[in-house]
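Please have a look at it first.

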Amino acid sequence: MMTKKNKADLFSFEFYPPKTEEGAVNLEKVHQELAQLNPDFFSVTFGAGGSTRDKTYDTVVKIQKNGVSAAPHLSCVASTKENILEILQNYRQHGVSKIVALRGDLPSGMMSAGEFRYANELVEFIRKETGDHFQIHVAGYPEIHPQASCAQTDFDNFKRKVDAGANAVITQYFYNAEAYFYFLDKCEKSGIDIPIVPGIMPITNYSQLFRFSDMCGADIPRWMRKTLEGFGDDRESIVAFGEDVVSKLCQELLDNGAPGLHFYTMNQAKPTLAVWNNLKF
Ligand code: FAD
């Protein structure tokens, strides 16, 4: 199996914390398969409003014990400073040194935003309380955050997180490579010189993909939407098309300045491995 060729490249795989025993057994298998690619880290998502706090923590500790770095996601919305500090201290005790710092989204029905309003405040807090211990990753939106009123304001807000002390950026997924290259160029012109790692979403199921994309503001180009819709229930064709499109996207990104790739694995090894094995490093 091909592992990454260049140690300087940043490759990472994202998991969500399993909800059931069966899910945990599956994730263990997926983790082992992807660990063979020698990634920089595995990241583990954090449910809105802290709903997966303990499960995220358990998954992170398990990964760390198996010898690959784990980067927990940490969202600050609906949280208190005391709560966040406790989480950071627990991670620190387990040797965790990377974190993905996010605002998150307020779960429906939850009215109080808590003590943090935006991710830049969380980054600032982590730096203030833990110095340089954590390597902090933040989220970037080449296709603009869905709640942003305008692209420039969104970029200015993004820059606040970087200026607050972020070390790297992982982007929302996208299928328009030009959006990423434009964002990269904008970062360079604004003096942002930390790595901007593209987030990659393999395609295996189109109704789920359309739903997610509508929520998070990722554009599915019309030609892709129409092609996927045209396959109907033909899963084999959806998977083959997805592998082809996403492999070409990744190759184009890597050939033109992307410092690595972050795969949203959805706790499946196969779609990510299929893309990975098509890449020429
Ligand atoms: P922010 O950077 O705070 O931005 C949110 C919005 O507020 C933007 O519109 C921005 O323009 C605006 N804004 C930012 N700062 C300011 C400011 N100072 N003043 C005024 N406006 C401001 N969600 C989860 O619940 N759990 C996860 O584990 C998770 N992981 C993710 C991983 C990645 C790589 C990405 C890209 C997203 C992830 N998300 C996750 C989704 C994320 O929580 C949402 O996109 C959320 O809406 C924004 O989080 P953020 O950290 O980007 O917020």
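**Pockets, ligand and cavity**

Sorted by class, the residues that line the largest pocket are 25 nonpolar, 17 polar and eight charged, where Ala, Val, Leu, Ile, Met, Phe, Trp, Tyr, Cys and Pro count as nonpolar, Asp, Glu, Lys and Arg as charged, and the others, Gly among them, as polar. Before I go on, this is a predicted model, in which local features need pLDDT of at least 70 and side-chain atom pairs count only at pLDDT 80 or more, while totals for chains, interfaces and linings use all residues. Residues are numbered from 1 along each chain as its sequence is written, and side-chain values use heavy atoms, with hydrogens and water left out.

A pocket, on a 1 Å grid over the protein atoms alone, is an open set of points with protein on both sides within 12 Å along at least five of seven lines, a cavity is a set where a 1.4 Å probe fits but cannot get out, and lining residues have an atom within 4 Å of a point. Grid points are joined across faces, edges and corners, and a volume is the space filled by probe spheres set on the points.

The largest pocket holds about 1700 Å³ of space, and of its 50 lining residues, Leu102, Gly104, Asp105, Tyr141 and Gln172 lie nearest its centre. Helix 5 contributes the largest share of this lining, six residues, helices here being DSSP runs of H or I with at least four residues, and strands runs of E with at least two, numbered from the N terminus.

Where does the ligand sit? The ligand sits in the largest pocket, meaning that more than half of its atoms lie within 2 Å of the pocket's grid points. Around the ligand are 23 residues, of which Phe46, Arg103, Asp105, Tyr141 and Asp154 come nearest, a residue being near if one of its heavy atoms lies within 4 Å. Helix 5 gives the most to this shell, with four residues.

As for polar contacts, which are pairs of N or O atoms within 3.5 Å, a side-chain N or O atom of aspartate 105 is 2.6 Å from an oxygen atom of the ligand, and a polar side-chain atom of histidine 73 lies 2.9 Å from a ligand nitrogen atom.

Finally, the structure holds one cavity of 30 Å³ or more, and the largest cavity has a volume of about 50 Å³. Tyr141 and Gln172 are among the residues that line this cavity.

Methods
Polar contact = N/O pair within 3.5 Å; in protein donor to acceptor, adjacent residues only side chain to side chain.
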